[in-house]
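I opened my notebook to look at one structure, piece by piece. Here is what I looked up.

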Amino acid sequence: MAKSGGPLGSVLILVWAINWPKPLRSMKVSIKRSICPVPAKHASSIPHEISEERHNELRVEAARLIDSVNKLKAERLRFDDEPSSFLVALRARS
Amino acid sequence: MTERSLALEQWSILTLSRAIRERRITCQTVTAAAIERAKRDTTNSFIALNAEQAIRNAVRLDKELANGRCRGSLHGVPLAHKDMFYRQGDISTGGSQIRKEWVAQSTATVIARLDEAGAVDLGRLNMSEFAAGPTGHNRTFGNALNVHNNLHVAGGSSSGSAVAVAGKIVYGTLGSDTGGSIRIPAAFNGLFGLKPTYGTVSRSGAMARSWSLDHIGPLARSAVDCALIYAHIAGEDPRDSTTFRAPIPQLSDDWPTRLDGIRIGLTADMESEGISEEVARSVKEAAAVLRSLGAEILAIPSHDFSTAFNIAETIVKCEAAAMHGPWMAERPLDYAPHVRSRIEAGFFIPATAYIDALRLRQGLLEDFLVTSLRGVDFYLGPTTGKVAPLISESDLDDSGPAVIALVSKLTRLTRPFNLLGLPALSVPCAVRSNGLPVGFQLVGRPFDDMRLISVANAYEAARLQAPAAP
């Protein structure tokens with residue numbers, strides 16, 4: 001173990017100082033998720049960084065569309081309906 | 001009107017085609033004149049003008065005519081297309097910074113078909129970035145300007161297509177329509193714009209905005225010109241699995257001038273919020289003209305398109321997110337903020353919701369056929385609720401809810417028909433405030449594309465004969 005003030009200790013402190021934002025960031029994310037977990041249905045695969053405010057806007061927008069789909073699904077969809085049924089229905093009228 | 005009373009740029013494709021076929025004018029002369037007009041263009045309609053190649057093709061087509069070969073009604077006719085239809089070895093930008101130098105490895109089926117028909121391709125036309133945006137704004141190449149009033153938007157996403165035809169540079173064009181991108185710029189610039197039945201025109205080699213909702217179709221200055229282009233691009237294509245063997249639409253030499261026996265449902269939706277008084281009045285006047293031609297105009301209840309709109313939004317956002325994910329990760333700042341913001345919500349929607357949205361299309365199609373189209377041949381309503389907005393009031397170089405609100409407002413009446421896959425034609429019907437055109441939208445049953453155009457043709461003939469409004 002490096003003695004305090006020794007050359008190895010200085011290097012370790014330097015490495016920690018350079019990387020300090022990473023551990024802090026992970027800690028912040030894990031604390032935040034434990035306090036207010038992201039609901040599974042709003043989990044995002046967004047590939048670029050966006051602000052927290054924008055994140056919330058997009059969640060709201062997505063939730064509105066998902067709710068619209070789910071509402072109609074509950075009213076209309078049957079077990080056997082599949083995406084290609086649309087093309088079949090369209091072609092049946094040719 | 002004939003070729004004698006009009007300048008060359010005002011001729012219809014039909015008139016031009018006849019003159020070329022009878023060798024009263026050469027393909028080279030016609031093409032050179034179109035190139036000169038393109039060079040003088042002040043509306044920013046072109047991204048790239050391929051003048052030398054166009055002249056070479058025109059000379060070759062003149063030689064073919066001299067040798068007795070005529071390829072048909074598009075032989076030697078100058079066209080140009082939205083910069084998203086690939087041509088092998090040529091750049092195709094999709095209106096974007098990201099693909100500014102991208103070279104296509106294959107040629108779009110629709111371009112190959114127009115080449116085979118003898119059309120002369122003048123170059124690549126301006127458009128909204130990645131075909132996303134009903135106003136036609138473009139940060140990379142600049143905005144195409146509305147021909148009737150350049151303080152107003154051209155409409156999008158086929159902005160350059162509409163402007164190049166309305167500005168009489170070329171005689172017709174191809175656009176793409178995922179939520180109104182043919183019909184909106186057609187309405188804003190006083191043109192005919194057809195979104196065909198889904199599956200009748202190949203999407204192969206056309207940059208996608210949303211595979212499930214993209215439609216390829218023509219914009220032109222007359223109904224017949226629209227039909228001429230459509231007849232050449234339609235038909236099954238083994239390179240696009242959504243196309244299928246159906247009767248290839250034929251252009252009739254003898255379209256009716258009367259509409260007796262045709263029943264048209266006029267939507268009650270025109271009194272709703274979001275549709276201006278001048279647009280509502282224009283569509284009602286158009287209905288009166290159709291009635292005077294013998295069509296029966298029936299008032300039909302307002303159809304609630306809000307669900308269909310949301311289902312379509314779900315599909316387009318998810319497909320666009322899947323497509324653009326890698327570029328969004330690597331170079332998000334190369335997207336205009338309003339384009340990026342429209343894609344982002346797709347990353348928040350689960351696959352199950354996307355699949356359910358696709359599964360719901362069949363039911364929504366059947367609903368519309370048995371409600372709004374019950375007992376009528378066609379559905380009639382406005383293409384857009386208002387005339388083209390000012391560029392300054394729609395220039396949203398921002399992200400967030402304001403973009404969504406603007407897009408929803410402009411595409412509210414067009415996007416549902418992309419989901420339903422039904423043929424929809426925007427027809428110019430009036431010129432209103434600030435010299436801006438209004439268009440009505442005629443929607444038919446699946447594969448009624450040519451019938452739609454024939455009704456529009458009868459309407460156009462009657463309107464041209466009517467005395468001009470004071």
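This is a predicted model: local features need pLDDT of at least 70, side-chain atom pairs count only at pLDDT 80 or more; totals for chains, interfaces and linings use all residues.

How many of the ten residues of helix α12 (residues 361–370) of chain B are buried? I counted seven, so I noted the helix as mostly covered. The buried ones are Arg361(B), Gln362(B), Gly363(B), Leu364(B), Leu365(B), Phe368(B) and Leu369(B).

**Entry: another covered helix**

I turned to α10 (337–344) of chain B. Eight of its eight residues are buried, so α10(B) is largely enclosed by the rest of the structure. I wrote them down: Pro337(B), His338(B), Val339(B), Arg340(B), Ser341(B), Arg342(B), Ile343(B) and Glu344(B). What covers them? From chain A, the cover includes α3 (52–76). From chain B, it includes α9 (306–330), α14 and α15 (415–420).

**Entry: chain A**

Next I looked up chain A on its own. I found four helices and zero strands. From the N terminus on, its elements run α-α-α-α. Chain A has 94 residues, and 26% of them count as buried.

**Entry: the cavities**

Rolling a probe the size of a water molecule over the atoms shows where empty space is left. The structure holds four cavities of 30 Å³ or more. The largest cavity has about 100 Å³ of space. Its lining has 16 residues, and the closest to its centre are Gly133(B), Gly179(B), Ser181(B), Arg342(B) and Arg415(B).

Eleven residues line it, and the closest to its centre are Thr135(B), His338(B), Ser394(B), Val403(B) and Leu406(B). I sorted the lining by class: five nonpolar, five polar and one charged. Which helix gives the most to this lining? It is α14(B), with three residues. Both α10 (337–344) and α14 (401–411) of chain B supply at least two residues each.

**Entry: the sheet of eight strands**

Then I traced a sheet in chain B. Eight strands form an open sheet, in the order β4-β6-β5-β10-β11-β9-β7-β8, with mixed pairing. The edge strands are β4 (172–177) and β8 (296–300) of chain B, and each pairs on one side only. Neighbouring strands are turned by 25 degrees against each other on average, direction ignored.

I checked one pair inside this sheet. Strand β9 (residues 378–382) and strand β11 (residues 437–443) of chain B pair in the antiparallel sense over four bridges. One bridge partner I looked up is Gln441(B) in β11(B), which goes with Gly381(B). A helix also packs on the sheet: α7 (residues 223–233) of chain B. Helix α7(B) touches β4, β5 (192–195), β6 (215–220) and β10 (424–431) of chain B. Its direction makes about 145 degrees with that of β6(B).

**Entry: the sheet of three strands**

Chain B also has an open sheet of three strands, in the order β1-β3-β2, again with mixed pairing. Why is one side of β1(B) and of β2(B) left without a neighbour in the sheet? Both stand at the edges, each with a single partner strand, so one side of each has no neighbour there. The twist averages 35 degrees from one strand to the next.

I compared the two pairings. β1(B) and β3(B) pair in the antiparallel sense over three bridges. There, Phe46(B) stands opposite Leu125(B) in β3(B). Strand β2 (residues 78–82) of chain B runs parallel to strand β3 (residues 120–125) of chain B, and four bridges join them. In β3(B), Asp121(B) is the bridge partner of Leu79(B). In β2(B), five of the five residues are buried.

**Entry: one residue, Leu49(B)**

Last, I picked Leu49(B), which lies in strand β1 (residues 46–49) of chain B. Is Leu49(B) buried or partly exposed? Its relative accessibility is 29%, so Leu49(B) counts as partly exposed. The cut-off for buried is under 20%. Leaving out residues up to four places away in sequence, Leu49(B) touches Ile35(B), Ala38(B), Lys39(B), Leu122(B) and Gly123(B). I also looked up its separation from Ser202(B): 153 residues in sequence and 25 Å in space, C-alpha to C-alpha.

Technical notes:
Residues are numbered from 1 along each chain as its sequence is written. Chains are lettered from A and ligands numbered from 1 in the order in which they are written. Side-chain values use heavy atoms; hydrogens and water are left out. On a 1 Å grid over the protein atoms alone, a cavity is a set of points where a 1.4 Å probe fits but cannot get out, and a pocket is an open set with protein on both sides within 12 Å along at least five of seven lines; lining residues have an atom within 4 Å of a point. Grid points are joined across faces, edges and corners, and a volume is the space filled by probe spheres set on the points. Ala, Val, Leu, Ile, Met, Phe, Trp, Tyr, Cys and Pro count as nonpolar, Asp, Glu, Lys and Arg as charged, and the others, Gly among them, as polar. Buried means under 20% relative accessible area, exposed over 50%, partly exposed in between (1.4 Å probe, protein chains only). Two strands pair if DSSP finds at least two bridges between them. Axes are lines fitted to C-alpha atoms, for helices over the stretch in contact, and angles run from 0 to 180 degrees between N-to-C directions. Contact means heavy atoms within 4.5 Å.
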